[in-house]
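Good morning, and thank you for making time for this presentation.

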Amino acid sequence: MNSTCVVCGSQENLLRCARCKKTFYCSRTHQKQDWKRHKPTCNTADDQNVQTLNVEKETNGTLPVVGSSEDEILSSCAQSLSPNLYKSKVNDENMPASKENLRFDPSFHCTTLNKSRGPDTDIDLMSLNVLRDMNDYGVCVVDNFLGEEKGRLVLKEVLNMYSSGVFKDGQLVSNRGRTDLKTIRGDKIAWVDGKESFCNYIGSLISQVDAVIIRANKMENNGKMGQYNINGRTKAMVACYPGSGSRYVKHVDNPNRDGRCITAIYYLNLNWDVKDCGGLLRIFPEGWRGDKVADIEPLFDRLLFFWSDRRNPHEVQPAYQTRYAITLWYFDSIEREAACRRYEKERSMIKQPI
């Protein structure tokens with residue numbers, strides 16, 4: 001009798017639970033989905049054994065630990081970042097303090113650049129502001145990142161992509177046994193590397209964001225960002241929330257140390273009024289006093305950075321108009337390499353049919 005996935009019955013690409021070595025799954029998603037049922041009967045010969053298919057740690061809070069599918073993140077090659085993008089022209093010790101360029105609006109609950117930043121803004125200055133905000137708050141907002149003309153060209157490419165039907169439903173690290181993923185995540189997505197013939201301006205956007213991250217990571221006195229060696233990232237995830245209350249519940253992008261350290265999101269929503277359109281991104285930064293949150297309106301030509309790990313649980317509140325964004329995740333090379341080794345080990349546990 002052939003072995004099958006206990007969740008769906010598939011006989012292809014089977015993975016074996018390394019604890020009991022008796023139960024098979026076709027994916028980590030199905031293993032995690034079945035863990036509550038399987039856990040009482042999972043025979044553990046050695047308590048120090050780690051499951052080949054890692055399940056999420058149980059949490060005491062109500063946070064549903066979900067995020068973009070780890071299969072999507074780990075099974076694809078990292079996009080290399082060119083160190084030539086980093087050509088610093090200034091010494092950060094000579095730059096004005098972050099507080100002079102930033103404001104904290106209690107009603108807005110996030111830091112944002114005080115002046116509009118045009119497309120010719122010096123990337124070194126922008127990188128310094130990103131460094132200091134990420135160090136102080138774990139969140140940074142940059143408005144008017146490309147300028148209206150270039151931003152509209154990026155938006156046009158995204159609209160063409162969406163109308164061509166290349167988007168698919170977003171996936172999850174785990175759905176905790178739920179079969180209706182749209183109750184957790186209602187966006188539709190497409191992955192691009194910016195080199196496609198229909199992504200010329202998206203490619204330019206990606207290069208600009210890369211330049212900011214590389215320069216910030218290589219500058220002296222770079223605080224918390226200096227803890228990472230950033231030399232790669234994911235492809236760009238182009239996302240659409242098609243309205244009708246589509247949302248993404250409170251989650252963490254990288255709950256299981258898959259290598260992602262910084263999330264960058266570029267918004268493409270013209271004339272967006274969050275009171276009527278919804279779609280607010282709310283971040284719950286770890287360590288902020290009281291119940292303060294970072295409420296980020298998905299405004300056109302706005303770029304957002306935040307730490308990808310458990311320091312920044314966040315949610316996309318229900319959107320009632322079509323909402324577009326482009327997300328990039330930047331990798332710490334050491335964590336990424338370790339995650340890929342774990343992933344390859346899991347894939348190597350495929351058992352031949354009996």
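I begin with a definition: the rings of Phe, Tyr and Trp, with Trp represented by its six-membered ring, count as a pair if their centres lie within 6.5 Å; planes under 30 degrees apart are called stacked, those over 60 edge-to-face, and the rest tilted. Ring pairs of this kind link Tyr162, Phe167 and Tyr324 into a cluster.

Two remarks on the basis of what follows. This is a predicted model, in which local features need pLDDT of at least 70 and side-chain atom pairs count only at pLDDT 80 or more, while totals for chains, interfaces and linings use all residues. Residues are numbered from 1 along each chain as its sequence is written, and side-chain values use heavy atoms, with hydrogens and water left out.

By the ring rule, the count comes to 5 aromatic pairs. One of them joins Trp191 and Trp329 in a tilted arrangement, with 6.2 Å centre to centre and 40° between the planes. This pair links distant parts of the chain, since Trp191 belongs to strand S8 and Trp329 to strand S17, 138 residues apart. Helices (H or I, at least four residues) and strands (E, at least two) are DSSP runs, numbered from the N terminus.

Are these two tryptophans buried or exposed? Buried means under 20% relative accessible area, exposed means over 50%, and partly exposed lies in between, with a 1.4 Å probe and protein chains only. Trp191 is partly exposed, at 24%, whereas Trp329 is buried, at 3%. The charged end of Arg260 also sits over the ring of Trp329, 4.9 Å from its centre. The rule here is that NZ of Lys or CZ of Arg lies within 6 Å of the ring centre and within 35 degrees of the ring normal. Lys250 likewise lies over the face of Phe284, at 4.3 Å from the ring centre.

Let us turn to strand S17 itself. Two strands pair if DSSP finds at least two bridges between them. Strand S9 (residues 230-233) runs antiparallel to S17 and is joined to it by 3 bridges. Strand S10 (residues 236-242), also antiparallel to S17, has 6 bridges to it, and there Pro242 has Thr322 as its bridge partner. Strand S12 (residues 260-267) pairs with S17 in the antiparallel sense over 7 bridges, with Tyr266 opposite Ile326.

Arg233 lies in strand S9, and its bridge partner in S17 is Tyr330. Arg233 is buried, with a relative accessible area of 6%. Taking contact as heavy atoms within 4.5 Å, Arg233 touches residues including Leu81, Asp210 and Trp329. Arg233 and Leu81 are 152 residues apart in sequence, yet 7.5 Å apart in space, C-alpha to C-alpha.

Finally, helix H5. The buried residues of H5 are Gly151, Val154, Leu155, Glu157, Val158 and Met161. Seen down the helix axis, they fall within an arc of 160°, so they line one face of H5; the arc is that of the directions from the axis to the C-beta atoms. The face turned away from this buried side carries the exposed residues Glu149, Lys156 and Ser163. What covers the buried residues of H5 includes S8, H6 (200-218), S10, S12 and S17. After H5 comes Gly165, whose phi is positive, near 85°.

Terms used. Lists of a residue's contacts leave out its neighbours within four places in sequence.
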